[in-house]
Structure formats: C-alpha cells, structure tokens
Amino acid sequence: MNTYHRKLDIKNGCVNLSHGSGGRAMGQLISSLFHEAFGNEWLDRCNDQSAFDVSTGRMVMTTDGYVVSPLFFPGGNIGSLAVHGTINDVAMAGARPLYLSASFIIEEGFRLSDLKMIADSMGEAARGAGVSIITGDTKVVERGKADGLFITTTGLGRLSDGLDLSAEKARVGDRVLVSGCLGEHGVAIMSRRQNLAFQTEIVSDSVALHGLVAVMVAAGGNGIRVMRDPTRGGLAAALNEIAHQSRLGFRLQEEAIPLKPAVAAACELLGLDPLHVANEGKLVAIVAPDVARSVLAAMKAHPLGCDAADIGEAIADDHRFVQLSTSFGGGRIIDWLSGEQLPRIC
C-alpha cells in the first residue's frame with residue numbers, strides 16, 4: 001500500500017464504490033486516511049491481520065456496532081463513541097483494554113472530509129486511552145443502502161489475576177454506586193436531532209472509563225461484584241438486568257442520584273425519565289458493603305468520578321424489582337424501558 005502516491009482530495013472528494021473494490025482507490029483510502037489517523041507498528045505492516053504477543057492470564061473480548069444518528073453531536077462523533085464504547089465494555093469486566101479492530105460500512109457519496117474527521121477522532125481517542133487499533137476492514141455500499149456510515153469495533157483486554165466480575169454475583173446488602181451525573185449522552189443526541197437549544201449546552205459524556213475502573217479495582221478487588229456502563233436503556237436497564245441475573249431487587253434513593261439541572265430540565269421538557277436515558281461515560285457498580293466506602297472514595301478522587309454517589313442497595317425481592325424511594329416520600333417501580341425511547345443512540 002505504500003506504493004500509492006496520489007493524494008485523496010479529502011477537502012472536496014466523496015467516497016465512491018471504487019473505494020471498496022479492493023483496488024488502487026481502496027488502497028489510497030486506507031493508507032491516506034485510516035493509517036494516518038490510527039498509525040502504529042501493526043498497521044504499518046499492511047497485513048490483513050495483526051499478530052501480537054499474549055501475556056499469561058485471562059483475556060476479555062467484546063464487539064459492538066455503532067449506528068448513532070446524527071454522526072456528529074455535542075461532545076463527540078460516531079468514531080470517538082465507537083472507541084470509548086468498546087473500551088468501556090472491556091473495562092466493565094475489570095480488564096485493561098489493549099487492542100481494537102474497526103470495521104467501516106460507508107455509503108457511496110459520503111464526504112471524505114467527514115470520514116477523515118471521524119477517523120482522526122478515533123485515532124485520538126485510542127491514543128488517549130493507550131489502546132491501539134491494529135486491524136480493520138472497509139466496505140462501500142451503494143447510495144441509499146446505508147445511512148452515511150456504520151462502524152463495528154472489537155476490543156481485547158487483559159484481566160487481572162483472580163478478578164471475576166459478573167452480573168449474577170450481586171448479593172443482598174450490596175451497595176449501588178454510580179460514577180457521576182446521568183443522562184448527558186442521550187439528551188445531547190436528542191437536542192441535536194430535534195434542533196433543541198438549551199441555555200447551557202449539554203454535551204455527551206463519551207469517555208474511556210478504564211482508568212477509573214483501575215482505581216476502583218485497586219480499592220475494592222473482588223468486593224466489586226459487577227460493573228455495567230448504562231448505555232441503551234440507561235441506569236434502569238442496567239439494574240433490571242443485574243436484578244434478574246442475581247435473583248434479587250434494588251432500592252434506590254432518588255435524592256442521591258446525581259443529575260445535572262440542565263439534564264433534569266431537558267428530560268422534564270421532553271417527557272423522558274432520566275433513569276432510562278443513555279450514558280456513554282458513566283458506570284454503575286454493585287459493591288460489597290464492607291468495601292463500598294473505600295471504593296466510593298477512590299472514585300471521587302479520580303477526575304471521572306468526582307460526582308460519584310452511593311444511590312441505594314440490593315434487597316431480597318422474589319419479583320426482582322428495581323424500586324425508587326422518591327424525594328417526596330413516595331415510591332415507584334423503575335421498570336425496563338417499554339419500546340424504543342430514542343433509537344440509534346449509539
């Protein structure tokens with residue numbers, strides 16, 4: 001691929017079917033755009049795969065597809081979101097992310113300048129997280145057969161010896177910790193999609209969480225039962241999943257759940273329950289009561305956990321309900337999201 005010298009007209013050009021044909025144009029696209037954005041020793045070898053050394057111990061692997069609309073939103077774009085989201089899926093196992101792959105399905109006519117911005121943001125996000133994108137794939141489909149760009153990313157990480165987090169491990173009496181204010185990503189997408197303007201701009205919280213996870217694991221070890229990043233379906237979906245898998249319930253305190261006033265106001269305006277709204281840079285952890293205080297202190301000392309809070313506890317409940325004690329002294333059930341509140345959120 002290094003033999004191609006003609007430069008792409010990134011400023012004015014668009015992707016066409018030849019960029020996915022396997023010929024010279026595809027080579028130019030890959031070398032001039034993706035390799036420049038992701039550049040590392042693995043991609044520089046220009047193979048269809050990458051070989052890497054494997055350390056002893058257990059590995060973690062995950063994959064995810066990204067179809068967010070719009071592709072660019074306050075606080076990020078589909079590229080940075082794909083990197084952060086996959087890193088976070090690896091990190092929720094308590095693992096250290098190491099490598100990513102990225103697959104692109106691009107619609108004919110997509111602007112090369114937009115594709116470069118997205119690729120550059122992916123490279124920046126990966127380098128910022130200390131993770132390398134070491135292999136990938138590019139396909140181009142005809143106009144009308146896709147909606148601009150879809151990305152699939154796969155992540156690989158290494159798990160610390162003896163650590164085994166899983167959704168069936170929550171126990172009655174465990175504490176429920178969240179790493180910060182909820183709902184920012186979903187409201188940021190909704191505001192851009194509906195052309196809504198708020199007095200204070202709400203931006204996506206998309207960010208890689210493995211650094212925060214590392215300090216939590218150091219503080220709590222196996223006292224951390226399970227972690228989830230509450231993306232689609234928000235905190236409500238994450239806790240309902242854990243409740244069913246662990247065969248118990250949760251009781252949350254509404255006044256303890258961190259929400260920014262702008263997000264709360266936007267949700268009230270749009271008729272959304274913030275507990276159902278997606279997050280891309282927050283986590284929920286179910287933690288044994290004897291280490292909850294030390295884990296929460298470690299979270300608060302980290303830049304991504306300064307608004308962390310203890311919002312409730314796991315309780316015995318054969319119905320496996322997630323219950324909310326409201327700030328007015330009442331209570332309600334936080335059920336699974338019914339239908340699709342906000343499609344293509346990630």
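**View 1. Phe34 and Phe38 are both buried (under 20% relative accessible area, against over 50% for exposed and partly exposed in between, with a 1.4 Å probe and protein chains only).** This is a predicted model, in which local features need pLDDT of at least 70, side-chain atom pairs count only at pLDDT 80 or more, and totals for chains, interfaces and linings use all residues. Residues are numbered from 1 along each chain as its sequence is written, and side-chain values use heavy atoms, with hydrogens and water left out. Phe34 and Phe38 lie four residues apart, about one turn, in helix α1 (residues 24-38). Helices (H or I, at least four residues) and strands (E, at least two) are DSSP runs, numbered from the N terminus.

**View 2. Ring pairs link Phe34, Phe38 and Phe104 into a cluster.** Rings of Phe, Tyr and Trp (its six-membered ring) pair if their centres lie within 6.5 Å; planes under 30 degrees apart count as stacked, over 60 as edge-to-face and the rest as tilted. The structure holds five aromatic pairs. In one of them, the ring centres of Phe34 and Phe38 are 6.0 Å apart and the planes stand at 40 degrees, so this pair is tilted.

**View 3. Phe38 and Phe104 form a stacked aromatic pair, with 6.5 Å between centres and 20 degrees between planes.** The pair links distant parts of the chain, since Phe38 belongs to helix α1 and Phe104 to strand β4 (residues 95-107), 66 residues apart. Phe38 has 8% relative accessibility and therefore counts as buried. Phe104, with a relative accessible area of 2%, is buried.
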